[in-house]
Amino acid sequence: MGASQPPGVAPTVGARIVHHEEEVMGTIVTIDLYGDSRVAHELYPTVQLAVESLHDADDVFSTWKPESPMSRLRRGEIDLATAPVEVREVLEACEAARELSQGWFDPWALAGGVDPTGYVKGWAAQRALHLLLRTPVFGAVVNAAGDIATFGFPAENSSFQVGITNPSARKELIAIVAPNGCIATSGTYERGPHLFDPHSGDFVSRLASASVTGPDLGLADAFATALAVAGSDFLSVIERMSEFEAFAVTDDGERQWTSGFPLVALASPR
């Protein structure tokens with residue numbers, strides 16, 4: 001994490017004043033805060049609360065931990081009435097995402113019981129960001145392995161910008177975005193064929209990369225998964241959503257996006 005400025009040193013306004021990395025949910029989540037360096041020392045307790053909320057989400061929803069409430073629910077040992085309130089909240093949001101995505105995102109489709117993993121990582125990052133709203137900073141970023149929630153700005157007269165990885169050349173960017181609060185990206189170029197098509201019952205991705213931006217990272221995560229599985233035709237579904245926009249990269253490198261997608265720049269094609 002960052003440190004406060006020594007007495008007599010002018011503060012760096014708009015600089016990154018806190019950086020924290022946390023291993024949780026099977027990945028690395030980073031928290032970055034931007035603002036007046038003189039208040040950096042005040043931020044640590046709230047950052048710790050945000051970190052604890054990430055671990056709480058992992059403890060409740062992990063399908064790898066046998067005694068997590070989600071694992072116990074999947075085995076039928078508890079029901080929604082006795083599960084933690086967060087479980088009901090997340091599953092209700094997943095039901096809404098399933099309906100809005102026309103069934104392309106469906107945590108109930110896989111064998112073994114409901115698995116809201118495709119929503120929870122974004123939801124947990126968004127919840128951690130919400131805790132950071134109480135800090136005296138200009139802006140904050142919670143990055144959960146590329147699913148990114150932001151608020152505010154990094155410096156005066158600027159905005160947060162996020163690069164989208166080129167799925168065919170992972171050390172390069174294919175586009176730069178100024179996200180509308182949050183951005184989630186889905187595809188198989190990092191983790192292989194792990195996306196499930198609820199309609200066909202197969203593991204498949206019809207896009208090389210799918211990114212969705214909007215005000216809620218859990219839903220953006222779900223819609224990015226739906227877009228990757230459904231293919232480019234799903235862009236028209238997101239086009240009709242008032243608060244979400246999307247960017248798609250086909251297997252042959254074609255780039256497509258909705259009319260309001262906050263694109264800053266495209267990388268030149270090879």
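# Cores, rings and strands

Modeller: The largest nonpolar core has 70 residues, and those with the most contacts inside it are Leu132, Val212 and Leu227. This is a predicted model, in which local features need pLDDT of at least 70, side-chain atom pairs count only at pLDDT 80 or more, and totals for chains, interfaces and linings use all residues. Residues are numbered from 1 along each chain as its sequence is written, and side-chain values use heavy atoms, with hydrogens and water left out.

Colleague: What makes a set of residues a nonpolar core?

Modeller: The members must be buried Ala, Val, Leu, Ile, Met, Phe, Trp, Tyr or Cys, joined through side-chain atoms within 4.5 Å. Buried means under 20% relative accessible area, exposed over 50%, and partly exposed in between (1.4 Å probe, protein chains only). In soluble globular proteins, nonpolar side chains tend to be buried together.

Colleague: Which helix gives the most to this core?

Modeller: Helix α5, residues 217–230, with eleven residues. Helices (H or I, at least four residues) and strands (E, at least two) are DSSP runs, numbered from the N terminus. Apart from this core lies another, of 13 residues, among them Tyr34, Ile164, Ile183 and Phe261.

Colleague: What does valine 212 touch?

Modeller: Not counting residues up to four places away in sequence, its partners include Ile183, Phe223, Leu227 and Phe244. Contact means heavy atoms within 4.5 Å.

Colleague: Why is the pair of tyrosine 34 and phenylalanine 160 called edge-to-face?

Modeller: Rings of Phe, Tyr and Trp (its six-membered ring) pair if their centres lie within 6.5 Å; planes under 30 degrees apart count as stacked, over 60 as edge-to-face and the rest as tilted. Here the centres are 5.3 Å apart and the planes at 65°, so the pair is edge-to-face. Tyrosine 34 lies in strand β2 and phenylalanine 160 in the loop between β4 and β5, 126 residues apart. Both residues are buried.

Colleague: What are the values for phenylalanine 223 and phenylalanine 244?

Modeller: Their ring centres are 5.2 Å apart and their planes at 90°, so this pair is edge-to-face. Phenylalanine 223 sits in helix α5, and phenylalanine 244 in the loop between α6 and β11. Both are buried. The structure holds seven aromatic pairs.

Colleague: How do you know that β7 and β10 pair?

Modeller: Two strands pair if DSSP finds at least two bridges between them. Five bridges join β7 to β10, and the two run antiparallel. Serine 186 stands opposite alanine 210 in β10. β4 and β7 also pair in the antiparallel sense, over two bridges.

Colleague: Why is β7 called mostly covered?

Modeller: Four of its five residues are buried.
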